[in-house]
Each structure stands twice: as structure tokens, then as C-alpha cells.
Amino acid sequence: MRYNYNRQLTPPAPFVHVRAAAPASGKAVEQIAAQLDSAADRSVIPWSVVEALQLPQLDELPALGFGGHLLSVPTFLVQLTVRSCTPITVEAFASREEPYVLLGRDVLNHFRILLDGPNLVVEME
């Protein structure tokens, strides 16, 4: 799969589209913008996805944010699928402030990823 970077951000950033689904019901939200975030241990979903899929809260875990601030963040079991790849079920954080899915290493480590910054494209396989 090959995606162009999102040039609406400065600097441009690698994004893909994902399908988010509730593992229990199969209810899904299609074509959600997802930023690749290799610095994140765990993926993050926007609160709007939690509401749309009616996901039950799984847990609440500590998360170390920017600047070393420790937060207690709710987690939800969600199935994330990049294009037609095999779905990956993860325990993701949810955030009311995050407009995009942030794909952390819990998802990214399932892929071989090439970030081609000079050409502003990302390739995943």
C-alpha cells in the first residue's frame, strides 16, 4: 500500500486510512484518517469512534504524555484494519481531544513501513 503524506500539516505527516470496528458487534466506522506514530506504544482512537461503535470501557491506564505529564486514560478494545490487511485487535487509548486515530507500535509493528520523506509518501506491507 502506498499513501501520500498529509500536506495540510506542517511539516507534512504520514497518514493512512483505517476501518475501526467493535470486536463484539462488528459495528464499524470506515475510512478514518490515521497518523502513523512510531513514538507511541499504544494506538489512540478519537472519542467519536468510541461513541459511534458504542465501545465499552475496558480499563483505565496511566499514559505519559508530552512534557512528562502522567494521565489516567480510558482504554477500549477495538479492531483496526488498514485497507484490506488483516484486522488487528488492540487495547487502544481514547481521547476527546484527538481528531485522528494515532497508530502506535501495537499496530505498526505488524507491518514493514517505509517513510519516504523527500517524496512525501509512506509504503506499508
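## Strand pairing and a buried serine

Leu 64 stands opposite Leu 70 in β6. The model is a predicted one, in which local features need pLDDT of at least 70 and side-chain atom pairs count only at pLDDT 80 or more, while totals for chains, interfaces and linings use all residues. Residues are numbered from 1 along each chain as its sequence is written, and side-chain values use heavy atoms, with hydrogens and water left out.

Strands here are DSSP runs (E, at least two residues) numbered from the N terminus, and two of them pair if DSSP finds at least two bridges between them. Strands of a sheet pair through backbone hydrogen bonds, either parallel or antiparallel. The pairings that involve β6 (residues 70-82), together with the pairing of β9 and β10, are set out below.

| Strands | Sense | Bridges | Residues opposite each other |
|---|---|---|---|
| β2 (residues 15-21) and β6 | antiparallel | 4 bridges | Arg 19 and Thr 81 |
| β5 (residues 57-64) and β6 | antiparallel | 7 bridges | Leu 64 and Leu 70 |
| β6 and β7 (residues 88-95) | antiparallel | 6 bridges | Thr 75 and Phe 93 |
| β9 and β10 (residues 121-124) | antiparallel | 4 bridges | Leu 115 and Val 122 |

Two hairpins include β6. Between β5 and β6 there are 5 residues, and Gly 67 in that turn has a positive phi of about 80 degrees; the hairpin of β6 and β7 also has 5 residues between its strands, with Arg 83 taking a positive phi near 45 degrees.

Ser 43 lies in the loop between β3 (28-36) and β4 (44-46). With a relative accessible area of 0%, Ser 43 is buried, a term that stands for under 20% relative accessible area (1.4 Å probe, protein chains only). The side chains of Ser 43 and Asp 106 are joined by a polar contact of 2.7 Å, that is, a pair of N or O atoms within 3.5 Å of which, within protein, one must be able to donate a hydrogen and the other to accept it. Apart from neighbours within four places in sequence, Ser 43 is in contact (heavy atoms within 4.5 Å) with residues including Leu 80, Phe 93, Leu 102 and Asp 106.

Technical notes: Buried means under 20% relative accessible area, exposed over 50%, partly exposed in between (1.4 Å probe, protein chains only).
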